[in-house]
Amino acid sequence: MTNKISLDLRIWRQESVSQEGAYVEYRIEDLSTNLSLLEALDKLNEELVMNGERPINFDHDCREGICGSCGFLVNGQPHGPKDATTICQLYLRNFRDQSTLTLEPLRAKAFPLIQDLVVDRSSLDRLIISGGFYSVDTGSAPDANSFKVSQDNSSSAFQTATCIGCGACIASCRNASASLFVAAKLAHLGQLPQGQTLRSERAKQMKKQMAAEEFGSCSNNLDCEAICPKEISSNWISWMNRE
Ligand code: FES
């Protein structure tokens, strides 16, 4: 038997950054609890379109928790109430029947609003670019063992490489600091032999870019760690500062 759920949704609607926004209330009735929250929004959008209204704009791509495209606040929490879960992996069964959900965009100065639940997170792309790149003559495929990496370093680098760049850490931080994001990117490369070129320069440039994008400073409240859907440890922020 499929369980059904009905919810009241208070959704932030805003045509553009230059226009005023407001919460608009919608009711979704008798939906399967096996639907994801984004699928519930898809259904709501179908109804809005049928009624000649503008659909609710929200970001998504893979819907598998791996691309980092999705992300908005559910009851004030980036990605909603479930630990280690992106919003695209949040299902209606994660909510109580007849409850009210307030959906609003990620709030941070470096994430200007585009429309409704969509914000511009290109500041994260610019942070990555500021870390630089290096060119090598790759030649033919190298032998898999030509770069020796210890199991510990490999596992640790992989853990930081799981950062999907969703921006939840920034939206959860009272200072809108990008420290956990930058720390993850630096630690990913900095623990591998391939990342030693420009290692120190990369840290300095990314730190400089954080300030240029008007991300705040870290004050060790650690909301970033609590909210990260990939459970990246805030210990990497100390690691970054040593870099
Ligand atoms: S849509 Fe790709 S992580 Fe959510």
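I noted that the model is a predicted one.

**Entry 1: Ser 154**

I located Ser 154 in helix 3. I also looked up its distance to Leu 103. The two C-alpha atoms are 38 Å apart in space, and the residues are 51 apart in sequence.

**Entry 2: the whole protein**

I listed the elements next and found eight helices and seven strands. I looked up the extent of the C-alpha trace, which spans about 60 × 45 × 35 Å along its principal axes. The protein has 243 residues, and 34% of them are buried. I then took the contacts between residues at least 6 apart in sequence; of these, 69% join residues at least 24 apart.

**Entry 3: helix 1**

I moved to helix 1, residues 37-50. Its 14 residues reach 20 Å from the first C-alpha to the last, which is close to the 20 Å expected at 1.5 Å a residue.

Which residues of helix 1 are buried? I found Leu 37, Ala 40 and Leu 41. They cover an arc of only 100° around the axis, so they sit on the same side of helix 1. I recalled the general rule that an α-helix has 3.6 residues a turn, so residues three or four places apart point the same way. I checked what covers these buried residues, and strand 2 (22-32) is included.

I then looked at the face turned away from the buried side. That face carries the exposed residues Lys 43, Glu 46, Val 49 and Met 50.

I picked out Glu 39, which also lies in helix 1. I counted it as partly exposed because it has 16 C-beta neighbours inside 10 Å, a number between the two cut-offs.

After helix 1 comes Gly 52, and I noted its positive phi, near 75°.

**Entry 4: helix 5**

I checked the length of helix 5 in the same manner. Its twelve residues should span 16 Å at 1.5 Å a residue, and its end C-alpha atoms are 16 Å apart, which agrees.

Is helix 5 mostly covered or mostly uncovered? I found it mostly covered, with eleven of its twelve residues buried. Among the buried residues I noted Phe 181, Lys 185, His 188 and Gly 190. I looked up what covers them, and the list includes helix 2 (122-130), helix 3 (151-161), helix 4 (168-172), helix 6, helix 7 (223-227) and helix 8 (235-242).

**Entry 5: helix 5 against helix 6**

I took one of these partners, helix 6, and looked at how it packs. Helix 5 (residues 179-190) and helix 6 (residues 199-212) have axes 11 Å apart and pack at an angle of about 170°. Angles over 145 degrees count as roughly antiparallel, and the two helices are therefore roughly antiparallel to each other.

I listed the residues that meet. Helix 5 brings Val 182, Leu 186, Leu 189 and Gly 190, and helix 6 brings Arg 199, Arg 202, Ala 203, Met 206 and Met 210. I sorted this contact by class and found six nonpolar, one polar and two charged residues.

**Entry 6: Cys 218**

I went on to the loop between helix 6 and helix 7, where Cys 218 is found. Is Cys 218 buried or exposed? I counted it as buried because it has 22 C-beta neighbours inside 10 Å. Setting aside its neighbours within four places in sequence, I found Cys 218 in contact with Ser 177, Ser 179 and Ile 237. Ser 179 is also among the buried residues of helix 5. Cys 218 and Gln 14 are 204 residues apart in sequence, and I noted 30 Å between their C-alpha atoms.

**Entry 7: two positive phi values**

I kept in mind that most residues other than glycine have a negative phi. I then looked up Glu 214, which has a positive phi near 65°. Glu 214 is in the loop between helix 6 and helix 7, and it is exposed, with 12 other C-beta atoms within 10 Å.

Glu 231 has a positive phi of about 55° and is not a glycine. I found Glu 231 in the loop between helix 7 and helix 8. It counts as exposed because it has 12 C-beta neighbours inside 10 Å.

Note on methods:
Residues are numbered from 1 along each chain as its sequence is written. This is a predicted model: local features need pLDDT of at least 70, side-chain atom pairs count only at pLDDT 80 or more; totals for chains, interfaces and linings use all residues. Axes are lines fitted to C-alpha atoms, for helices over the stretch in contact, and angles run from 0 to 180 degrees between N-to-C directions. Helices (H or I, at least four residues) and strands (E, at least two) are DSSP runs, numbered from the N terminus. Angles under 35 degrees count as roughly parallel, over 145 as roughly antiparallel, 65 to 115 as roughly perpendicular and the rest as oblique. Two residues are in contact if their C-beta atoms, placed from the backbone, lie within 7 Å. Ala, Val, Leu, Ile, Met, Phe, Trp, Tyr, Cys and Pro count as nonpolar, Asp, Glu, Lys and Arg as charged, and the others, Gly among them, as polar. The expected span of a helix is 1.5 Å times one less than its number of residues. A residue is buried if 20 or more other C-beta atoms lie within 10 Å of its own, exposed if 12 or fewer, and partly exposed in between; C-beta atoms are placed from the backbone. The arc is that of the directions from the helix axis to the C-beta atoms.
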